Amino acid sequence: MWSFFHKLGSPPWLYGIAGSILRWLLPLTLLALIAGASWGLLFTPPDFRQGNSYRIIYIHVPAAVVALAGYYVMALAGAVSLIWKMKMADVAMKACAPVGAALTFIALVTGAIWGKPTWGTWWVWDARITSMLILLFLYLGVIALYEAYDNKAAAAKACAVLSLVGTVNIPIIYKSVDWWYSLHQPASIKFTGGSTIDPSMLYPLMLMIASFYALFTCCLLLNMRVEILRREARTNWVRKLVGA
Amino acid sequence: MSAPVAIFPEAPGTLAFCARLLRRQLVLALRRPVDIGNPLLFFAMVVALFPLGLGPAPGTLATFAPGILWIVALLANLLTADNLFRGDFDDGSLEQLLLSPQPLYTSVLAYVLSQWLVTGALLALLSPLFALMLNLAPGAIPTLVCSLLLGSGVLSLVGGIGAALTVGLRRGGMLVALLILPFYMPVLIFGSAAVQAAVIGAPAGAHLAILGAMLCLALALAPLAIGAALRISVDA
């Protein structure tokens, strides 16, 4: 168990293992995405009130769910890097930020597109939308802070502190905007108690959420591999790898 | 807390040390009265912008007054946040503070407290004047002052985190704003909600209680984050 943990700190080992995970995870993810998207977009019944426009749920909800989870992955990686001084955790944290920001952005844009036919407006200052917007700001803040430092080791530590402060604040921000004003429909999927979504729509949605998690993992690993190569550009194993 | 005394017999106790630190920061601030006046002047000027932009109709101004006063107070706090550790970082005394055996948690609190006294608290006490200029209902003024006193404490503590993270950077100013504004938003929501409740005569106690809870949480956790961030900035 501990030897596995220590191996995580080794750049060449992590680079290799990320590559071999990607080799089967990436095709599987693409397959699941295509399957889930076509199931959701083509083969599910239309909603009795929203008609076909609700189908964007198969992009919107997975993106939003994974964007929020991604922040916690980033903060967790930051905590690991602060506690165990593990350089590869820095790499993971840095790789998370752009992926999470992109997913948050997708969730906001698809939400706006969904809002136009259902609510009659592109944008409302609703609790969930506002907190997703703030989440986007938090991601962009982490990226901006990282880029502002010349010393990348210090940059990673500073970003780790910032993302940990964010984890304390995200529930507060979420609850405060929730009490402030709410128009968004309540969550349809509940693990405790009954879901308010029909199984014929729920299963493709579940598949899409799972494939977005897989997609997040793939992007994370790809980003990490690039970052590892960039950091280790002067070492022998990278030179050997690129054949220079 | 007895450890520093055991190693350095002459070292002051934690509380005495904090008191000295606070006194030093306040003396430094009072030696440059312009720096204390600037946020207040900024507050006054931005308040003056709103009647020019929205039109001087008293009804309009009164509707927006709670939000305007809170947003402007928030921006005034933001402007001063950047300078909290800058001077001490440049002349090296911050490094001495980190090396000293005194607990960083309390020292950092002394810094933030001094900054709050000369910006947030001062602004809160002067806010009735601006509230009258914006035609806020007089009954809401005590709530405004209370909410600003509680809320600006949170703003100072959170601002301290941003200041500590960017103190080592040459171009910190804009970045501090980007980093900490998202964390200011809950304070803004409950601060202006308290004043709005007081305007319509509803009880504002619940909002003030939540602001107080945020202040307690920030008091407990923010100094830890500020301390960690200062160590990172000084090491870099």
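A residue counts as buried when its relative accessible area is under 20%, as exposed when that area is over 50%, and as partly exposed in between. By this rule, 44% of the 244 residues of chain A are buried. The model is predicted.

**Fold and extent**
- Chain A contains eight helices and zero strands.
- Read from the N terminus, the order of elements in chain A is α-α-α-α-α-α-α-α.
- Along the principal axes, the C-alpha atoms of chain A fill a box of roughly 60 × 40 × 35 Å.
- Taking the contacts in chain A between residues at least 6 apart in sequence, 76% join residues at least 24 apart.

**Surface and charge**
- Chain A has an accessible surface of about 12,500 Å², and carbon and sulfur atoms account for 70% of that surface.
- The side chains of chain A include 19 positive and 9 negative ones, and the centres of these two sets are 8 Å apart.

**Aromatic side chains**
- Over all chains, a search of the whole structure finds six aromatic pairs.
- One of the pairs joins A:Trp123 and A:Trp125 in an edge-to-face arrangement, with 5.7 Å from centre to centre and 75° between the planes.
- A:Trp123 has a relative accessible area of 31%, so this residue is partly exposed.
- A:Tyr71, A:Tyr72 and A:Tyr139 are linked into a cluster by ring pairs.
- A:Tyr15 has A:Arg225 over the face of its ring, at 4.2 Å from the ring centre.

Conventions: Residues are numbered from 1 along each chain as its sequence is written. Chains are lettered from A and ligands numbered from 1 in the order in which they are written. This is a predicted model: local features need pLDDT of at least 70, side-chain atom pairs count only at pLDDT 80 or more; totals for chains, interfaces and linings use all residues. Side-chain values use heavy atoms; hydrogens and water are left out. Rings of Phe, Tyr and Trp (its six-membered ring) pair if their centres lie within 6.5 Å; planes under 30 degrees apart count as stacked, over 60 as edge-to-face and the rest as tilted. Buried means under 20% relative accessible area, exposed over 50%, partly exposed in between (1.4 Å probe, protein chains only). A charge sits over a ring if NZ of Lys or CZ of Arg is within 6 Å of the ring centre and within 35 degrees of the ring normal. Helices (H or I, at least four residues) and strands (E, at least two) are DSSP runs, numbered from the N terminus. Contact means heavy atoms within 4.5 Å. Accessible areas come from the Shrake-Rupley method with a 1.4 Å probe; for residues, only the protein chains shown count as cover. Lys and Arg count as positive and Asp and Glu as negative; His and the chain ends are not counted. The place of a charge is taken as NZ of Lys, CZ of Arg, CG of Asp or CD of Glu.
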